[in-house]
Structure formats: structure tokens, C-alpha cells
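Biologist: Could you please take me through this structure step by step? I am new to reading models.

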Amino acid sequence: MESDIELHVDGRARQVRLDSRTTLLDALRDGLGATAPKKGCDHGQCGACTVLLDGRRVVTCLTFAIAHDGATVTTAEGLADGERLHPVQEAFIERDAFQCGFCTPGQVCSAVGMLAEVAEGRPSAATADLAGAVELSGEEIRERMSGNLCRCAAYGNIVDAIQDGAR
Amino acid sequence: MIPFDYERPSDVDGAIATATSRGSVAFLAGGTNLVDRMKLGVTEPELLVDLGGLPLDDVEELPDGGLRVGATVRNSDLAAHPVVLRDYPVLARALLSGASGQLRNLATTGGNLLQRTRCVYFQDVTTPCGKREPGTGCSAVGGSTRQHAILGASERCVATHPSDMAVAMAALDARVRVRGPEGERVIPLVDLHRLPGDEPERDTVLSGGDLITAVDLPPLPPGTRSLYRKVRDRASFAFALVSVAAVLRVEGGVVRDVRIALGGVAHKPWRATTAEEELLGGPATEEAFRRAAELELAAARPLSDNGFKVPLARNTIVAALRELSLEER
Ligand SMILES: Cc1cc2nc3c(=O)[nH]c(=O)nc-3n(C[C@H](O)[C@H](O)[C@H](O)COP(=O)(O)OP(=O)(O)OC[C@H]3O[C@@H](n4cnc5c(N)ncnc54)[C@H](O)[C@@H]3O)c2cc1C
Ligand code: SF4
Ligand code: FES
Ligand code: FES
């Protein structure tokens, strides 16, 4: 079954006709040429396909595009404001937190989404007092970023970069 | 993946009518389990009924002080809900320990309850599995059983239920509201999932066209404390080997209220009623906690690779109760 849907990707409204089996990830990459989100595991386990969907971080490999007609998607590419990089992207450069191009776009989107969750006061499994304020400790960052797996051990620098990016 | 049709109804009755219009139908919520299974070829629906357009995404406070959680409320939103944080820490902790931030933003209450086992043989269509294909036997028995059940299994299936949220809800005496072709009914959460018996293919007591509309959480009695403890192979983002949801009220050193549910040990969230009966009205001591846990686990039938789960479950129960009773002083 084919359908026409509209997605707002990185600030542009895009129409796309797709088979109902197309995941949001495949729609972005193959249908719309938005190749910042990467296909790592394709099963929700690595975080490489993370984008902000209507402002919230999600994996795109386990959701069908057809279910998101009209949605707004921000990929790592769309985080920048024209030539000016997002503060989290700047911090990743400063801290040498970029490693391979495969996981980095997902890491950056996840970091931006996670910082918004912290700003809203949402606790994580690492938050000692559920009802209290969330402090952005290394432990908080590690727990919140645990959905992004990378095999090159850039983790330490990523934690520092996120702490910087939050300032 | 086989081709499928897609519908997005805007009301509950429409969703149920659409779902019963054809043989091979699945409700689609966040998709984080269903889409995965469709990719693996484990589940092959011809029609998906998307629940995203239904008005089931609210958390509502009930007159009795409880909470009604709509079926499409996101796991992340439920975990951050102020009433959940204040009154049901066991549930918030269980939700926050499940999956990752990106997955919790998609996953829903109904979908989390009805997600299917991650038994590796169930997910690998090249191996026999009676849950996936009735009558083909069980590859886990005689295979790798580290993740599998120690309680309530049958020789037909030894899979565990993977949800953390459901374990907390079992300890909270949650009730599941279901609407089906024959109308509405309410099922205690502990009765929603089945033990495998002779029909491992049936995970729950639900049948075709049955839609979970909400989960009701009764209020906890004043003075009770609750927590969730999850033991897994890495610090975060992994399914439980064993988990414990515990609710406890101690007064003057005596256990006045206790509820214990276990995850990672059975085909369903396992309510530890034997341990609860043993503890109720008795002293809140480490020795009593240990004896109760051992009584509960006397029924355990470990498999070749998961004997470690028996002491692990015992120690996790004791540690959970100890922590709750210490807080009491
Ligand atoms: C890598 C990974 C790690 C994970 N780790 C954990 C973990 O540690 N702990 C944990 O608990 N979970 C974990 N999960 C599972 C995740 O929490 C579930 O996939 C999710 O909760 C399912 O919700 P959903 O809304 O995406 O369901 P869907 O995938 O949309 O649906 C799941 C099933 O429920 C049915 N369904 C959905 N809603 C309803 C309804 N209202 N009425 C009737 N039927 C319905 C669907 O037809 C489908 O069969 C993990 C998942 C992944 C991919
Ligand atoms: S344990 Fe159950 S799900 Fe796993 S192979 Fe055996 S029958 Fe299938
Ligand atoms: S590709 Fe989506 S999580 Fe790995
Ligand atoms: S950043 Fe890609 S493997 Fe580490």
C-alpha cells in the first residue's frame, strides 16, 4: 500500500510517496536524502538513527513513516542555525567528542533531546531524588545517553562535551 | 516484510470495528516492539490499526485518589508525571529502568504491557519455537537458557516476559481496562498475562479486537513505601535478569502491608504471594525477609544456564525489603 505524506525536515516541508513498510529512517535517508541519521543496528539498539521528532528524541528505525504524517523532524544537520553550529555541536568539536560519522549524528541529537528533558526537570534512573531538581552530573549524562552505543570509546569526551553544551 | 494496509481511526469503537474486519490485524502503538517483530518476520499482520489518533493519551486522577493511565500515554511521560513521581515511585523507577530515552519517548502503556518475549529463538524464525509456531517445540529447552524462566514455566515454553513497567503495576494491584467487540471489561493486571502451559502462543487472556484502553492504579495505603530494583548484565539499557517491585508498610517493627512482584523470572510479572503471606503481620527483619524469599523460590525450577537466578532473586527481594524497612526508621 502506498501513501502520500508530508514531513517537515530540518525546516523544509517535504512531500513523499511511500510504501507503508517504510520506516521513518528509510523515508528520511532514501526518500528525502536526509542522510544525517544513520542505520546502525536497525533494531532500536544503537541510537545511530536518533532524530528529534516533534521536538523529542526518538529512534527512527522502529517506527513507520506513515504514522508521522505532518510531523516535524530535526536531524543533526538541521540543528545548526545556518552556518552557526548548535552549542552542543560546538562543544563536541571543542572536546574532541566526534569519532566516527556513523554514531555521531545520533549522539548529538540524543544529547540535545536529553538536555531538553533535563531542563524540563524529568528524572532518569540515575536521579537520586525523583521529586527533586536534576543536576547534570556525569552519572546523569551516562545514564541518559545509554541508548547511544559506540564502539570506539569516545564516551568520556562526549560526557564532557554535553556538560559544556548545557552551559 | 509482507505488505500491509494501514488505518488510523479516530475513535475507539472504530478501531475495534476495523480490527475485527479482517483476520490478520495488529494494533500499532509506538511500534518499538511490533515493527521490530515485523522486520524479523516473527509477526506478519496484513492490516495495521494505528492507535495514534485515539483519545487515549491522558493521565487522569480518579476520585478515589488513584490514577487512570491511558493506553497511548508514552512511557517517558508517565515516568515524569508529578503524581507518579510523588505517589508511585516504584512505577517511575521501573519505567526509567526500561529501554532507552529514545525508546521511552515512543513506547506506550498498552504496548509495553503487550510487548512479546525477547527469547532469542522466538526472534529467530529459522529455529523451532512453539510460541511463534504452535506445535513446533521449544529450542530453548536444551539450548541457551540464561535469560529464561525459573518459575511457572512448562516444557512447552520457558520464555520470560520482558516488561519492567508491568512488574511495578503488578505490585500496585493495577487493573487493565479492555474494550472488545463484546464491550468493556476490567482485568486485574496479574491476570492479564498467562503462564505458558500447553498454549505458549497465547501470551495473555486477550483475543482478537481486544483493545487496552487504560490502566487504573489504585492509591497506595498511607505510610507505604515502594521501590524497583533491576539486575542486568550492564548498568543501563538492558533487559532484566531479575527485577523486584516492592511495596512495604512497617509499623512498630511489624509488616502491615507488603506486595512483591518479580520480573525476569517467569512468563508473566510474578506476584510473590507466598512471600507476602509469610511476611504479613510478622517482624520486619532481615531473617524474615530471607525466609519469605526462600519460601517463594522453593517452587523455582531452574534450567541448565540460569540456576544463578534463584539466589539472585532471593538476594534482590531481601535487599529491596531491607531498603524499604530501613527508610521506615
Ligand atoms: C533495544 C530495546 C531495549 C528495550 N529494553 C526494555 C527494557 O529494558 N524494559 C522494558 O520493559 N522494555 C524494554 N524494551 C521494550 C519497549 O519498552 C517496548 O517495545 C515498548 O514498551 C512497546 O510499546 P509500543 O507502544 O512501542 O508498542 P508496539 O510495538 O506498538 O506494540 C506492542 C504490541 O502491543 C500491541 N498493542 C499496543 N498497544 C495496544 C493496546 N492499547 N491494546 C491492544 N494491543 C496493543 C501491539 O499490537 C503489539 O503487538 C526495549 C525495546 C528495545 C527495542
Ligand atoms: S522458550 Fe518459548 S519463546 Fe523461547 S523457543 Fe521456547 S517456546 Fe519459543
Ligand atoms: S539504527 Fe535505529 S537504533 Fe540502531
Ligand atoms: S563514534 Fe562511531 S563507533 Fe564510536
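Modeller: Let us begin with Phe237(B), which is buried, with a relative accessible area of 9%. Buried means under 20% relative accessible area, exposed over 50%, and partly exposed in between, using a 1.4 Å probe and protein chains only. Please note that this is a predicted model, in which local features need pLDDT of at least 70 and side-chain atom pairs count only at pLDDT 80 or more, while totals for chains, interfaces and linings use all residues. Residues are numbered from 1 along each chain as its sequence is written, chains are lettered from A and ligands numbered from 1 in the order in which they are written, and side-chain values use heavy atoms, leaving out hydrogens and water.

Biologist: Where is Phe237(B) placed, and what is its phi?

Modeller: Phe237(B) sits in the loop between strand S9 (225-231) and strand S10 (242-251) of chain B. Helices (H or I, at least four residues) and strands (E, at least two) are DSSP runs, numbered from the N terminus. The phi of Phe237(B) is near 55°, a positive value in a residue other than glycine. Most residues other than glycine have a negative phi.

Biologist: What about Asp54(A): is it buried or exposed?

Modeller: Asp54(A) counts as exposed because its relative accessibility is 52%. Asp54(A) is found in the loop between strand S3 (51-53) and strand S4 (56-58) of chain A, and has a positive phi of about 45° although it is not a glycine.

Biologist: Let us change topic. Which residues are closest to ligand 1?

Modeller: The closest are Phe27(B), Thr32(B), Leu34(B), Thr108(B) and Asp164(B), out of 37 residues that surround ligand 1. A residue is counted as near if one of its heavy atoms lies within 4 Å of the molecule or strand. Residues from chains A and B surround ligand 1, so the site is shared between chains.

Biologist: Which residue classes make up that shell?

Modeller: The shell around ligand 1 has 17 nonpolar, 15 polar and 5 charged residues. Here Ala, Val, Leu, Ile, Met, Phe, Trp, Tyr, Cys and Pro count as nonpolar, Asp, Glu, Lys and Arg as charged, and the others, Gly among them, as polar. The largest share of the shell, 4 residues, comes from H7(B).

Biologist: Which backbone atoms lie by an oxygen atom of ligand 1?

Modeller: A backbone N or O atom of Gly31(B) lies 2.7 Å from an oxygen atom of ligand 1, and one of Asn33(B) lies 2.8 Å from an oxygen atom of ligand 1.

Biologist: Now, which residues touch the most other members of the largest nonpolar core?

Modeller: They are Leu78(B), Tyr88(B), Leu91(B), Leu113(B), Met169(B), Ile212(B) and Leu217(B), in a core of 51 residues. The largest share of this core, 7 residues, comes from helix H9 (residues 165-171) of chain B. A nonpolar core is a set of buried Ala, Val, Leu, Ile, Met, Phe, Trp, Tyr and Cys residues joined through side-chain atoms within 4.5 Å. A second, separate core of 31 residues includes Ile260(B), Ala266(B), Ile317(B) and Leu324(B).

Biologist: Finally, which residues of helix H1 of chain A are buried?

Modeller: In helix H1 (residues 24-31) of chain A, the buried residues are Leu24(A), Leu25(A), Ala27(A) and Leu28(A). Just after H1(A), Gly33(A) takes a positive phi of about 65°.

Terms used
A polar contact is a pair of N or O atoms within 3.5 Å; within protein, one must be able to donate a hydrogen and the other to accept it, and residues adjacent in sequence count only if both atoms are side-chain atoms.
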